[in-house]
Amino acid sequence: MKNCLDRIYGAEFTPQEIADAVRDGRLLSMEIEFNQSCNFRCIYCYASDTPVRRNELTKDEFLGVIDQARELGARKIIILGGEPMLYPHIMEMIRHIRSKGMDVELFTNGANITPEVARELYANDVRAVLKMNTFDESLQDTLSGCKGAHGQIQEAFENLKQAGYPSADHPLGISSIICQQNIEELPRMWEWLRDQGILPYLEMMTPQGGAREHNMLELDSRTLEQFFQRISDLDRTKYGILWDPQPPLVGGECLRHQFSCAVNSEGLVQSCVGITIPIGDLRTQRLKEILRDSEVVQDLKNYKDLIKGPCRECQQLDSCYGCRGTAFQLTGDYLASDPLCWKNSGRRDEIMFLPVDVSRVIPHKPPMLLIDRLLEIGDRVSVSEMTVRKEMVFVDESGRLDDASYPEIISQAVAAQEGFRRFGSSNPLVEGFLLGVKKLEILGEAHVGDTLRVSLFKASKFGDFGILDGKVYNGATLVARGEIKVWQNNAGVDV
């Protein structure tokens, strides 16, 4: 028997290498999207609700991004899309990556993979991953949203095989989503792939884009658990390969947030394609600075201390945190427990979903409690909401909210943001103080019955001190804004 070490994603990195990358703030891999264009319209695609971009990076800008990843220690670039084989400079990018000593992993639907291109991919040691969801021609075309998709995939598959794939040093993978329509045939596909030495890459759908719109694709947690266990038993009994079933990858694990990031065609950086929070723009910052300053990145590296709900108690926490993209898409919180993990199916009421009542995460009590709900959390940003009530201490006899309330409102929004971030962590109650208010401007009024939104941006942090920009809106009208300085005791908290 052997452990499953031949999965595609992340298998080449040891636990020690990953731990060292976390400690040193370095990368081991990076996902990149050179173009948004695609000849398929896959009905499950995460990009189906992404606006068409008109401001894609230039060829030279992309080359610079690749160089920055290498400077941070990246050993592999994973090329996503759009469909990367439609990008006019794709081979130049591949050659540049290889010239920097990095591996290339290419996810493709087979577009433009002629015999000549297949041989060139092989000559450049590209690890090709072909997208194929089913043996059935009609179903493949339906899932791809494109008539002729099945034929294109099969032609590319044959061309890659004729070029020499798969071989010991030229892996070939097949990537498939798991859905209602193909789940019964996937065990047969798994065996077919294993028997040819091809790496099966089966993955649960992240509930975003088309996957969220087409609920006829969905599978319940119990069915997914049985499927994962069935494939695990198959691998163990027929191929002598051992692995523990866990979402979202069959026979693999996803801890990419420890050592990777994703860059889209406009140069916006995310922790992964499922956590749709832009953490920086490569046109205005270097990659090193973006990753260093991102609260999302640092939180996910420190997930064992910060993850919320039942996932925190899971015995597999060292090697699994479910799908962070799924957690974010369904709860609004990238540190929430994965609602689609079968281990959490009976504990869904323990998973916190945004918006959340802030009385659960801050110590304030009425009548001093002003903020009602935390609506959104992003990278160093949040949005909270409150309704002005007559019993509040800052409301005068006429029902008007006093100007003196706004520093307290912004401060409570800060407390809600930080309290939620640490809720359920090893040190959830962190002492903090408001040190001062600067540039406070009162631009309007609020009265009993008005609903206010508080937008926060954490502008800077120096040790235990932070400066935050706060804005308070009454509907679409900005009624107050200011900069506040806070102190919080982070002793013993690795954030």
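The model examined here is predicted.

The largest cavity holds about 90 Å³ of space. Its lining consists of 12 residues, of which Lys458, Lys461, Gly466, Val486 and Gln488 are the closest to the centre. Two or more lining residues come from each of helix H14 (405–422), strand E16 (451–462), strand E17 (465–474) and strand E18 (477–488). E17 contributes the most, with 3 residues.

**A nonpolar surface patch**

On the surface, Phe433, Leu435, Phe462 and Phe465 form a nonpolar patch, and together they have about 420 Å² of accessible area. Leucine 435 belongs to strand E15 (residues 432–442). Its relative accessible area is 45%, so leucine 435 is partly exposed.

**Salt bridges**

Side chains of opposite charge can pair when their charged atoms come close. How many salt bridges does the structure hold? There are 37 salt bridges.

| Residue with N | Residue with O | Distance |
|---|---|---|
| Lysine 100 | Aspartate 67 | 3.8 Å |
| Arginine 286 | Glutamate 71 | 3.0 Å |
| Arginine 222 | Glutamate 225 | 3.1 Å |

Lysine 100 is in the loop between helix H3 (90–99) and strand E4 (103–108), while aspartate 67 is in helix H2 (residues 59–71), so this pair ties together parts that are 33 residues apart in sequence. Lysine 100 is partly exposed at 34% relative accessible area, and aspartate 67 is partly exposed at 23%.

The salt bridge between glutamate 71 and arginine 286 also links distant parts of the chain: glutamate 71 is in helix H2 and arginine 286 in the loop between strand E11 (280–281) and helix H10 (287–293), 215 residues apart. Glutamate 71 is exposed, at 53%, whereas arginine 286 is partly exposed, at 41%.

Arginine 222 and glutamate 225 both lie in helix H9 (residues 221–239), 3 residues apart, which is about one turn of the helix. Arginine 222 counts as exposed at 51% relative accessibility, and glutamate 225 is partly exposed at 28%.

Finally, a network of salt bridges links Glu295, Asp299, Glu418, Arg421, Arg422 and Lys458. Lys458 is also one of the residues closest to the centre of the largest cavity.

Note on methods. Residues are numbered from 1 along each chain as its sequence is written. This is a predicted model: local features need pLDDT of at least 70, side-chain atom pairs count only at pLDDT 80 or more; totals for chains, interfaces and linings use all residues. Side-chain values use heavy atoms; hydrogens and water are left out. On a 1 Å grid over the protein atoms alone, a cavity is a set of points where a 1.4 Å probe fits but cannot get out, and a pocket is an open set with protein on both sides within 12 Å along at least five of seven lines; lining residues have an atom within 4 Å of a point. Grid points are joined across faces, edges and corners, and a volume is the space filled by probe spheres set on the points. Helices (H or I, at least four residues) and strands (E, at least two) are DSSP runs, numbered from the N terminus. Patches are made of residues with over 30% relative accessible area and no salt bridge: like charges are joined within 9 Å, nonpolar side chains (Val, Leu, Ile, Met, Phe, Trp, Tyr) within 5 Å. Accessible areas come from the Shrake-Rupley method with a 1.4 Å probe; for residues, only the protein chains shown count as cover. A salt bridge is a side-chain nitrogen of Lys or Arg within 4 Å of a carboxyl oxygen of Asp or Glu. Buried means under 20% relative accessible area, exposed over 50%, partly exposed in between (1.4 Å probe, protein chains only).
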